[in-house]
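Here is a short tour of some backbone details worth a look. Have the sequence and the 3D view open as you read.

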Amino acid sequence: MKNKDRVLSLTAFLICVLTGTVQGQTPPGACFYLEGFEGEDALAGWDVGGDVEVLTPAGAGTGEFVPAWRISNAEEANIDGYFPVVDQPAGNRSVSANDAAAPCNCNMDNVVLTSPVFDFSSHSNVALELRIFNEMAFGSGSAIIEADRGDDNWLLLDTLPVMVGAWQSIFVDLSAFDNEAAVHIRFRWSDGGAWASGFAIDDLCIRDRLSNDLSVL
């Protein structure tokens, strides 16, 4: 019976892997930087860029300027019904460029969110893990991740994939920045030059990878 139970358990596990219902998790305490955007001042140290102008439905400027990035939960993000961020986990907050909820429609053709400076001088084989909500709905442009060494020479790390109706886990190799003392990471998103939905990020983890580092998605 024990062998039969083991076979059944292994079969169930393989089914979960093949159907994408098993997801590897970062070991607790492994992140030397972790940000879930839950605190009262969760964007402290982040550069949210310049304010963006609120537009009329016809696309004309109104003279009103608001921050491009804001922290919200799923209900707040989708309050006008066009940016359906999944409420997972329930009540969780994230940071987003949201062109679909008041006060925007805004000029979000190129909005940038830049991290605090990271010191990788004592780290090696570094990786970034995070969750994104990126549907590219209603004419949204692309979302990308870039990094520099404190010299404003930005290197493209990833053009982020699209997934409808779900958060997705993203893994980015940062080993090119090992032993660097002044690394910035930034996220760029575009509304495609017109009204669009939005782009959200959450649960950033920067960590040193182990020699044997397996993730199952």
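## Before we start

A strand here is a DSSP run of E with at least two residues, and strands and helices are numbered from the N terminus. Please keep in mind that this is a predicted model.

As background, most peptide bonds are trans, and most residues other than glycine have a negative phi.

## Two cis peptide bonds

Let's begin with the prolines. The bond joining Q88 to P89 is cis, and its omega is near -10 degrees. To find P89, look in the loop that runs between α2 (74-77) and β5 (93-98).

A cis bond also links A102 to P103, this time with omega near 15 degrees. P103 sits in the loop between β5 and β6 (111-114).

With a relative accessible area of 33%, M136 is partly exposed.

D203, also not a glycine, has a positive phi of about 55 degrees. Where does D203 lie? The residue belongs to strand β12, which covers residues 198-208.

Why does D203 count as partly exposed? Its relative accessibility is 30%, and partly exposed covers values between the buried limit of under 20% and the exposed limit of over 50%.

Key. Residues are numbered from 1 along each chain as its sequence is written. This is a predicted model: local features need pLDDT of at least 70, side-chain atom pairs count only at pLDDT 80 or more; totals for chains, interfaces and linings use all residues. Side-chain values use heavy atoms; hydrogens and water are left out. Helices (H or I, at least four residues) and strands (E, at least two) are DSSP runs, numbered from the N terminus. Buried means under 20% relative accessible area, exposed over 50%, partly exposed in between (1.4 Å probe, protein chains only).
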